[in-house]
Amino acid sequence: MTRTKEQIMDDVAGILRNFNGREYSGDIDSNTLFFGDLGLASIDAVVLGETLEEHYGRKLPFHLFMADLGRRSVRDIPLGELVAFLHQHLNASTPG
Amino acid sequence: MPRVTVEGMKFYYQQAGEGPDVVLLHGVTGNMAIWPLINLMPALAADFRVTAYDLRGHGYSDTPPTGYTSADMAGDLVKIQRALGLGPMYVLGHSFGGVIALHAALLYPDAVAGLILSDPYFPGLRHLETRVSEWSGWLEYKEQANRAGLEVTEEDWFDVGQLFKQTANLPPGRHEMFRKELGLAAMDRLTRLAATTCGDDVKAVAGLTEDRIRSVRHPALALFGDSSPFLATCRYLTENLANCRTALVPNAKHRAHEENPPAYVALVQKHLREMAGIAQPQRVGGAA
């Protein structure tokens, strides 16, 4: 099943709108920062990874995403980069 | 979401790899996400079955009001080990996680195969650490706390409970300062711990006296930042534990795993392989 980046952005925004009981009423788009804007913690990124795997029904190499995040001097990430990561791996021919 | 329940309490955990068991313990106010963030979990999963969980009161684990001493949390560790069917485990603990790891080796010697003590500070060895306020990073730490609207003094450097309470009672005018410096998530987790006995419990010796610390005979590695505030503890462990090696992470202070992740991961990998009798690859690395 191919999903466009726009569809994936909608999926991610839908999940983060009410993430494990924490509601977020502001705009969520590709520029929204995971930590700075949404106020989420690093552990939320791990749990979001699992939530997305369940949502898409397949394993995704989130350890690569986490390690990339960990290497950044400013540890934050715009959702657009998460969407690009998902787009790349969801549309790869073999499950990651 | 993988959770393991022990005595009615839920702990969030992640597991990767196959092989001898390694369990990773974060420090107070942290969570298990640090291990995938620094790439330690995937690196170790090549040789070991690696389990990382959120301590009680942290991350996605439950937050009981009490029970945060190293003895209590060593109990959590072995109960989680049993519930997940893990064998004798190599335990890596950072900071208070290291105190929990050593306490587990003392209380449940057969459950633990070896220890990696990553920059721990032991309440039972507090008399060694009289010069923390002279530590090179002290001023930086103090300034960061001030920018976040908190006050730390040289007398209460070891009192995290103070920081929890100050955060929970931050005047509204200082919320923005805190958010800018440490982030909203930090405010949530310190406020959450302020409602528990964690702050007092982690200062408690809780039976882990100096005599009992030095009685531990498990294979151990004292792994400290080369500019750690706790190098007196590092020396003490090296000289007094029966079977303890030392490694210093270059260009690192108390949080060596975050300050120099590639060097930290490589050292942990090398020493865990040695402890477990796993051959080192020709070219040591995989962490860079």
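1. What covers its buried residues includes β1 (18-19), α3 and α4 (79-90) of chain A together with β2 and α1 (34-37) of chain B. Contact here means that two C-beta atoms, placed from the backbone, lie within 7 Å. Helices (H or I, at least four residues) and strands (E, at least two) are DSSP runs, numbered from the N terminus.

2. A word on the model. This is a predicted model, in which local features need pLDDT of at least 70, side-chain atom pairs count only at pLDDT 80 or more, and totals for chains, interfaces and linings use all residues. Residues are numbered from 1 along each chain as its sequence is written, while chains are lettered from A and ligands numbered from 1 in the order in which they are written.

3. Which residues of α2(A) are buried? They are A:Ser42, A:Ile43, A:Asp44, A:Ala45, A:Val46, A:Leu48, A:Gly49 and A:Leu52. A residue is buried if 20 or more other C-beta atoms lie within 10 Å of its own, exposed if 12 or fewer, and partly exposed in between; C-beta atoms are placed from the backbone. Just after the helix, A:Gly57 takes a positive phi of about 65°.

4. Now the contact between the chains. It takes 15 residues from chain A and 20 residues from chain B. On the chain A side, α2 (42-56) and α3 (62-71) each supply at least two residues. Helix α2(A) gives the most to that side, with six residues. By class, the chain A side has 10 nonpolar, four polar and one charged residues. Ala, Val, Leu, Ile, Met, Phe, Trp, Tyr, Cys and Pro count as nonpolar, Asp, Glu, Lys and Arg as charged, and the others, Gly among them, as polar.

5. Chain A also has a residue to check in helix α1 (residues 5-17): A:Glu6. Is A:Glu6 buried or exposed? A:Glu6 counts as exposed because it has 11 C-beta neighbours inside 10 Å. A:Glu6 and A:His87 are 81 residues apart in sequence and 9.7 Å apart in space, C-alpha to C-alpha.

6. Turn to the strands of chain B. Four bridges join β1 (residues 3-6) to β2 (residues 9-16), and the two run antiparallel. Strands pair if DSSP finds at least two bridges between them. B:Arg3 stands opposite B:Tyr12, and B:Thr5 stands opposite B:Lys10. The hairpin has two residues between the strands, and B:Glu7 takes a positive phi near 50° there. Strand β2(B) is also joined by four bridges to β4 (residues 49-53), again antiparallel. There, B:Tyr53 is the bridge partner of B:Tyr13.

7. B:Ala16 lies in β2 of chain B. B:Ala16 counts as partly exposed because it has 17 C-beta neighbours inside 10 Å. Leaving aside neighbours within four places in sequence, B:Ala16 is in contact with B:Met41, B:Pro42, B:Ala45 and B:Val50. The C-alpha atoms of B:Ala16 and B:Val50 are separated by 5.3 Å, although the two are 34 residues apart along the chain.

8. Look next at the largest nonpolar core, with 106 residues. A nonpolar core is a set of buried Ala, Val, Leu, Ile, Met, Phe, Trp, Tyr and Cys residues joined through C-beta atoms within 7 Å. Which members touch the most others? They are B:Val22, B:Val91 and B:Leu117. Helix α4 (residues 96-107) of chain B gives the most to this core, with eight residues. Not counting residues up to four places away in sequence, B:Val91 touches B:Val23, B:Leu25, B:Ala101, B:Ala104, B:Val112 and B:Leu115.

9. Last, helix α6 (residues 160-168) of chain B. B:Val160, B:Leu163, B:Phe164 and B:Thr167 are buried there. They sit on the same side of α6(B) because they cover an arc of only 100° around the axis. The arc is that of the directions from the helix axis to the C-beta atoms. What covers these buried residues includes α8 (184-194) and α9 (198-201) of chain B.
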